[in-house]
Structure formats: C-alpha cells, structure tokens
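Subject: Structure handover

Hi,

My notes on its strands follow below.

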Amino acid sequence: MHDIRAIRDDPQAYDQAWAARGLAPQTPAILALDEKLRACQTALQADQSTRNEVSRLIGKAKAEKNEAEAQARMAEVEKLKLALAVHTHKEAKLAAELHDLLAALPNLPASDVPRGADETSNVETRRWGEPAAMASAKDHVELGARLGMMDFEAAARMSGARFVVLSGQLARLERALGQFMLDMQVQEHGYTEIAPPLLVRDEAMFGSGQLPKFAEDLFATTDGRWLIPTAEVSLTNLVRERIVEEGELPMRLTALTPCFRSEAGASGKDTRGMIRQHQFNKVELISITTPEASEAEHERMTGCAEAVLKRLELPYRVMTLCTGDMGFSARKTYDLEVWLPSQKTFREISSCSNCGDFQARRMDARCRKAGEKGTRFVHTLNGSGLAVGRALVAVMETYQDEGGRIAIPQALHSYMRGVTHIGGAD
C-alpha cells in the first residue's frame with residue numbers, strides 16, 4: 001500500500017519507480033482522484049459546519065420564542081441533511097476508488113535493484129558448490145517411478161494434475177527434509193516456531209499482498225476463507241493492527257506448513273513432476289524489523305536459507321531479481337536456485353524478499369520506541385527456508401547413482417534413523 005501524501009509530494013519519483021516495473025504513469029489518475037476526494041471532503045465539512053451553525057440559530061430562535069424563525073431554520077437543516085447524505089455517499093465512493101487504485105499497485109523497487117523487464121535481467125550475486133559431473137542423470141520422476149515410491153497417476157485419479165503421492169522411504173525423506181529445515185532455523189538461527197492457521201480471511205490475504213491482484217492464483221473455500229499459498233500470509237499477519245515495542249524487534253518467525261496454489265498463470269509450465277504443484281510443503285521465514293534494520297535482516301535471512309543448502313551439500317547460486325521479475329510486495333528479492341542435474345540448470349528453491357513498509361501499511365502494523373508516543377510502520381521480510389518438495393527433487397537427482405539408488409545426505413542421517421540409501425542395501 002502506498003502513502004498518498006508521499007505521492008502528492010513527489011509524484012515523479014513514484015512514476016519512475018513504477019516505470020521500472022513496466023507500468024505506465026499512475027500518478028495523474030491517482031492525484032486527480034485524490035483532488036476530487038479532498039474537494040468532496042471540503043464540501044462535506046462546510047455542510048457540517050453550516051448545519052451546526054443553523055442548529056445553534058434554531059436554539060436561539062426558540063429561546064427568543066420566535067417560532068417562525070425556528071421553523072425556517074429547521075427546514076434549512078432538512079435541506080442540509082440531504083446535501084450531507086449526498087456528500088457522505090460521494091466521499092465514501094471516492095475513498096474506496098482511491099483505496100482500490102493504490103492497493104492494486106506494486107511496491108517500489110529499492111534503488112540498488114537491477115533494472116530489467118524479465119528474468120533475463122536478473123543478476124547472479126554468488127554461487128556455492130560444484131555440480132557433480134553425471135553422464136546421464138535421471139530426473140526425479142523416473143527415479144521415483146523406478147523406486148515405486150512416487151505416484152502421479154494415483155494422485156491424478158483422486159485430485160487431478162499437479163499432485164503426487166509419495167510412499168515408503170521417499171515419503172520419509174520428504175518429512176525428514178522438512179523437520180531438518182525447521183529444526184535448523186529454530187535451533188541455529190533463532191527463529192520462533194509457529195503452528196499457524198492454514199485458512200485465512202480476506203483481510204489477511206490483503207495485508208500480505210495476495211488480494212486483490214492474485215485472487216485467481218488462490219484456492220477459496222465455500223465460507224469465504226482462503227487456503228494459504230504460503231505461511232508468509234499467516235505469520236506476517238500476526239502483527240496486523242498491532243503496535244510492537246521496538247525493543248521486541250527483530251521478530252523472527254518460522255513455520256512448516258502445506259501451501260496451496262492454483263497456478264492459474266502457469267499453464268503448460270513445469271507440468272512434469274514435483275516442481276510446480278497445487279499442494280506442497282514449505283518452511284517459511286518471516287522477520288519483523290525496524291526500518292533501519294531491514295536491509296541487514298534481508299542479508300541475514302538469505303544466509304539462513306543458504307545454510308540449509310550448504311548443509312545438504314547441494315550446489316546453488318544466488319540471484320538478485322530485476323525490477324520486472326520481483327513479486328508484487330517486494331522492494332528487493334534474492335532467489336536461491338539449486339542445481340538440478342537432469343535439467344543441467346539451476347532452478348528456484350527459495351525467494352527472500354524485503355517488503356519495506358508495504359505490507360505493514362496494508363496491515364496497519366507499527367512499532368514504537370520505549371517512552372515515546374509516536375509510532376511508525378514496521379518493515380516485513382519473508383523467505384523460504386526452503387521449499388521442501390523442490391529440495392527433495394534436488395536431493396534425489398544430486399545423490400543418485402547409476403543404478404537409480406539415492407544416497408541420503410549426511411545432515412539427514414539422524415532424521416532417517418540409520419537409513420543411508422533409498423533403493424538398495426544400506
């Protein structure tokens with residue numbers, strides 16, 4: 001959400017920032033609507049002031065036993081009531097239009113975000129690990145089918161496309177990955193584990209930026225709730241309509257939850273396997289900070305996600321997303337991309353974003369220094385630490401041998417209770 005006062009002060013800065021995200025100038029329409037709203041508010045205030053004055057004169061006339069004057073003034077009040085009703089309705093309509101216009105516009109990119117129209121302008125920041133040389137790497141779909149532990153057809157019979165049934169040791173490996181990631185973020189990185197709701201109301205989706213723009217990418221229930229597309233929604237909204245003491249910040253939260261996405265805008269994309277599904281598990285990382293601390297927190301959060309890949313010994317690279325490829329609520333984003341041997345390329349496994357005060361304004365989430373009355377909006381950050389299904393894909397493909405057996409990364413041995421390989425003798 002955007003501050004209309006800031007737009008009035010420097011409309012050119014806003015249009016330049018939105019232009020970097022591929023949008024035409026927005027401020028002419030915003031300021032024209034804002035001017036109409038303020039004119040309506042001025043007229044409404046004038047009507048209210050006049051009504052108050054006429055009401056005073058009615059009292060005076062009655063006190064002076066001037067019934068004719070009182071009746072004339074009372075008739076004037078009735079006319080003013082009609083004018084007030086018209087202006088009140090118009091004000092509400094214009095305010096709603098301005099709110100909806102501002103709510104549909106994305107966050108402004110940070111000054112150091114690369115400019116570009118799409119993913120081709122993303123910039124590689126660093127990489128870690130050396131992809132293993134494999135003569136003929138099998139993809140996770142073939143590996144899972146040979147093991148008899150990954151069934152897309154059974155899932156399709158009950159749920160349709162973009163679902164999977166995992167069984168046996170593969171199901172256990174996915175569970176181990178999620179638990180390992182969650183434990184690492186809690187025990188080593190200081191995040192507080194949360195078990196949040198998976199169903200939320202419109203207000204929560206609006207607060208984190210999913211509504212109204214991305215309604216078609218979500219699953220709705222029959223009673224007006226939404227299945228979360230990411231635990232970011234639930235965790236970030238824990239501070240909605242709150243004033244947090246700055247001494248309590250940074251607030252670092254994590255959760256391992258199922259996530260649900262309709263993938264309406266991904267028709268024909270990544271239809272094979274587990275890369276893009278309607279239901280998947282993910283460990284989410286959320287930070288609530290003061291404005292001064294958010295940039296450093298962004299680097300820290302990205303490092304916390306990277307640490308998981310390092311511990312699993314999965315080669316990856318970090319990409320700084322350009323203005324045209326960032327998410328709606330983000331002002332700066334790092335994508336972590338893990339190496340997939342079957343595709344001979346890096347694929348996204350985590351996005352870590354600094355949203356500045358964009359979500360906080362939508363949620364009315366503020367912070368206050370001890371001993372002070374004034375408040376200011378917090379900054380919110382979110383990241384994946386990591387997407388569990390994609391991590392399973394990377395582990396299967398990276399740790400396969402020529403016979404299709406999967407070695408278990410050393411970091412997961414204790415979670416697998418002694419199982420060191422899937423598909424063969426330990």
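Over how many bridges do strand β1 and β11 pair, and in which sense? Strand β1 (residues 123–128) and β11 pair over 5 bridges, in the antiparallel sense. Strands here are DSSP runs of E, at least two residues long, numbered from the N terminus. Pairing means that DSSP finds at least two bridges between two strands.

Before the rest, the ground rules. This is a predicted model, where local features need pLDDT of at least 70, side-chain atom pairs count only at pLDDT 80 or more, and totals for chains, interfaces and linings use all residues. Residues are numbered from 1 along each chain as its sequence is written, and side-chain values use heavy atoms, with hydrogens and water left out.

Back to β11. Arg 317 in β11 stands opposite Arg 127. Strand β12 (residues 332–340) is also joined to β11, by 5 bridges, and runs antiparallel to it. There, Val 338 in β12 is the bridge partner of Tyr 316.

Tyr 316, Val 318 and Thr 320 point one way from β11. Arg 317 and Met 319 point the other way. In a regular strand, side chains alternate between the two faces of the sheet.

Now the open sheet. Its 3 strands run in the order β5-β7-β6, with antiparallel pairing. β5 (199–200) and β6 (219–220) are at the edges with a single partner strand each, so one side of each has no neighbour in the sheet. β5 is joined to β7 (residues 226–227) by 2 bridges. Val 200 has Trp 226 in β7 as its bridge partner.

Best wishes

Definitions and conventions:
Helix = DSSP H or I, 4+ residues; strand = E, 2+ residues; numbered from the N terminus. Buried < 20%, exposed > 50% of the residue type's maximum accessible area, 1.4 Å probe, protein only.
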